[in-house]
Amino acid sequence: MYGMTCPHCGAATGYSPVGTRKYVEIPRGNPVLAQRATGSIHDEGSGYFFGLGRCQACAKAFPVRGKASSTESPDETVQEGTLEPLWPTRYRVVAQEIPNSVRTAFEDASAALGAGSVLGAILATRTAVIRAQRQQKQALNLSEASLKALVEAGRVSRSTFEASEVARRVANYLGHEEPDPDDQYSKEDAEELYEFVEALLHELYVQPARIRHHRNRLARRVETADPNTS
Ligand SMILES: [Zn+2]
């Protein structure tokens, strides 16, 4: 039943309802009683059920809508792939391999994009680039904190350098000058800039960490392998 991204932490989660569906009786004067459902409720008009779900990873709650096979017990009969948080969702899950200071800025960019904030996303994307430059300067003892220094040190490819440089310059322009109202940046533009910087962070942090991980696994396997069969 996985297929929903938690808007708080970005983990994949199924529907774990907060509270259970039950009918409460409301006295309307003797002998009339009305019934009202609590918990997740089904809306015949739209065909959706609406409920409050709790993330199975971070345990925070958020409103959810989805489709269910049985309108009487939607919590148990959720149809796979129909779940959707009714909450601004992050654009992408940010990789855990990225160092904390860089990751928090890029998570903000992802949250801004998910909420449709174009300028917010572009400026937070730029902050992630600047923090990555600083972090790498320190880690590699570079002469300066810049993308150019990273390409010269062989840390990023020329095309990754050019793409993230575009993202940085667009953010500088939008952040420091009075942008031309006829030259508005769209959500698609902001997504493209986000992807440029995502590729940069992948090259700087994610790929090396995954290669290290696989090398270690290989080394362990070689150590434990039977010398007669290897
Ligand atoms: Zn979560």
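The model is predicted, and every value here is computed from it.

**The sheet around β6**

β6 belongs to an open sheet of 4 strands, in the order β5-β6-β7-β8, with antiparallel pairing. The edges are β5 (41–43) and β8 (84–85); each has a single partner strand, so one side of each is left without a neighbour in the sheet. Strands of a sheet pair through backbone hydrogen bonds, either parallel or antiparallel.

Take the two pairings of β6 in turn. With β5, strand β6 (residues 48–54) makes 3 bridges, and the two run antiparallel. Here isoleucine 41 sits opposite phenylalanine 50 of β6.

| Hairpin | Residues between the strands | Residue with positive phi | Phi |
|---|---|---|---|
| β5 and β6 | 4 residues | glycine 47 | near 80° |
| β6 and β7 | 6 residues | alanine 59 | about 70° |

Glutamate 44 also lies in the loop between β5 and β6. Is glutamate 44 buried or exposed? Glutamate 44 is exposed, because 7 other C-beta atoms lie within 10 Å and the cut-off for exposed is 12 or fewer.

**The whole chain**

The protein has 5 helices and 8 strands. The order from the N terminus is β-β-β-β-β-β-β-β-α-α-α-α-α. The domain assignment gives domain 1 as 4–85 and domain 2 as 100–224. The C-alpha centres of these two domains lie 38 Å apart.

What is the radius of gyration of the protein? The value is 25 Å, whereas a compact globule of 230 residues would have one near 17 Å. Along the principal axes, the C-alpha atoms fill a box of roughly 85 × 70 × 25 Å. Buried residues account for 28% of the 230. Among contacts with a separation of 6 or more, 53% join residues 24 or more positions apart.

**Helix α1**

Helix α1 covers residues 100–114 and includes serine 101. At 1.5 Å a residue, its 15 residues should span 21 Å; the end C-alpha atoms of α1 are 20 Å apart, which agrees. The buried residues of α1 are Val102, Arg103, Ala105, Phe106, Asp108, Ala109, Ser110, Ala111, Ala112 and Leu113. They pack against α2 and α5. Just after α1 comes glycine 116, with a positive phi of about 85°.

Beyond its neighbours within four places in sequence, serine 101 contacts Arg131 and Gln135. Serine 101 and alanine 68 are 33 residues apart in sequence, and their C-alpha atoms are 41 Å apart in space.

**Helix α5**

Helix α5 runs over residues 187–224. Its 38 residues, at 1.5 Å each, should span 56 Å; the end C-alpha atoms of α5 are 51 Å apart, which agrees. α5 has a kink of about 50°, centred on histidine 202.

Which residues of α5 are buried? They are Ala190, Leu193, Tyr194, Phe196, Val197, Glu198, Leu200, Leu201, Leu204 and Tyr205. These buried residues pack against α1, α2 (118–140) and α4 (158–176).

How values were computed: Residues numbered from 1 in each chain as written. Predicted model: local features only at pLDDT ≥ 70, side-chain atom pairs only at ≥ 80, totals over all residues. Rg over C-alpha atoms; globule rule 2.2 N^0.38 Å. Buried ≥ 20, exposed ≤ 12 C-beta atoms within 10 Å, placed from the backbone. Contact = placed C-beta atoms within 7 Å. Domains from an automatic or database assignment. Pairing = 2+ DSSP bridges. Expected span 1.5 Å × (residues − 1). Bend = angle between axes of the 7 residues up to and from the residue.
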